[in-house]
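Subject: A structure for you to explore

Hi there,

Here is the structure I promised to pass on to you. Have a look at it first, and then read my notes below.

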Amino acid sequence: MNPGIAFAALAYLTWGLFPLYLKQVASVPALEVVAHRTVWSLVFSLAMLAVLRRWSWLRTLSAELLWKTALSALFVAANWLGYVWAIATDHVVDASLGYFINPLVNVALGYLVLHERLRAAQWVAIGFATGGVLWLTWQLGHAPWISLMLAVTFGLYGLMRKTSPLGAIEGLTLETLLLAPIAIVALAWWTAQGQHALTDPAHTGWLLGTGPLTAGALMLFAAGARRIPLSTLGLIQYMSPTLQLLLGVWVYHEPMSSARLIGFALIWAGLAIYSADSLFKRPQQVSG
């Protein structure tokens, strides 16, 4: 097997099974879980950079890079918070839908923000996804806001990272470094109030583990992305929301009515068109 495929598959397997991990701290407030995830991700990332001796990126820091990274940190923190809350409140299926929608949100953001030209098949794919969201909105009586929030925040995060010169682990280090002061102050406050989760040894272990898990999966993803074509990576990415969906329906017994399944099917149809277009498109010749 191509090592890149193995690395990417392990990363998406980790993200796909992450609900099993987060369920262990479901009784801990989502804000506290995110604060711990921020602090311990920073600790683990700094340790990895020390082992790898990768500090040269510090010389590239500028005011522009700092504010862009602060913005990406804001988006990833919002995404983490929404995801942790969704898992803790039995919305695993809604979370999976968000990450099914995300690739098409990325295409839409490329068009709206980066002014990328969309091919006809991409427009059709977005149309199917939009139809699925509208169908779910009509069936639910409100927009699937958990799914949309996760898809949009992760899409905006990806957009900011796309324009950053920092690598995956360096970017995560700087993002968590910027978020850490807020997280540390919040944790200190909860500790002073006697409301923190570290009084429970089991919770302590699970919360400390969010750092290595977060940074480790990101490093696997980065290693895979460097070794395989983007089209292959695009197909592997569906492993994560598929696993989340299966966990939500079969393990946590969340409802999946036939009406809801129609909405998912429309979005899956859009993803199938998008994936086929990405896989089989021919490179365009550029005329001078």
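Predicted model: local features only at pLDDT ≥ 70, side-chain atom pairs only at ≥ 80, totals over all residues.

Tyr12, at 10% relative accessibility, counts as buried. Both Tyr12 and Trp15 sit in helix α1 (residues 3-16), where three residues, about one turn of the helix, separate them.

How are the rings of Tyr12 and Trp15 arranged? A search of the whole structure turns up 14 aromatic pairs. In the pair of Tyr12 and Trp15, the ring centres are 5.3 Å apart and the planes meet at 75°, so this pair is edge-to-face. In case this way of talking is new to you, a pair of aromatic rings is described by the distance of the centres and the angle of the planes.

Back to burial for a moment: Tyr12 is on the buried side of the cut-off, with 10% relative accessibility. Phe100 and Trp268 also form an edge-to-face pair, since their ring centres lie 5.8 Å apart and their planes are at 80°. Which helices hold these two residues? Phe100 belongs to helix α5 (residues 92-112) and Trp268 to helix α12 (residues 258-280), so the pair ties together parts that are 168 residues apart in sequence. Phe100 counts as buried, at 4% relative accessibility, whereas Trp268 is partly exposed, with a relative accessible area of 30%.

There is also a cluster to look for: ring pairs link Phe18, Tyr21, Tyr83, Tyr99, Phe154, Tyr157 and Trp206.

Now for the whole protein. It contains twelve helices and zero strands. Its radius of gyration is 19 Å, which agrees with the value near 19 Å that a compact globule of 288 residues would have. The C-alpha trace spans about 55 × 50 × 40 Å along the principal axes.

Of the 288 residues, 45% count as buried. If you take the contacts between residues at least 6 apart in sequence, 85% of them join residues at least 24 apart. The accessible surface comes to about 14500 Å², and carbon and sulfur atoms account for 70% of that.

Last, the charges: the protein carries 15 positive and 10 negative side chains, and the centres of these two sets lie 14 Å apart.

Enjoy exploring, and write back with any questions!

Best wishes

Technical notes:
Residues numbered from 1 in each chain as written. Heavy atoms only, no water. Helix = DSSP H or I, 4+ residues; strand = E, 2+ residues; numbered from the N terminus. Rg over C-alpha atoms; globule rule 2.2 N^0.38 Å. Buried < 20%, exposed > 50% of the residue type's maximum accessible area, 1.4 Å probe, protein only. Contact = heavy atoms within 4.5 Å. Areas by Shrake-Rupley, 256 points an atom, 1.4 Å probe, with all protein chains shown as cover. Lys, Arg positive; Asp, Glu negative; His and termini not counted. Charge placed at Lys NZ, Arg CZ, Asp CG, Glu CD. Phe/Tyr/Trp six-rings, centres within 6.5 Å; stacked < 30°, edge-to-face > 60°.
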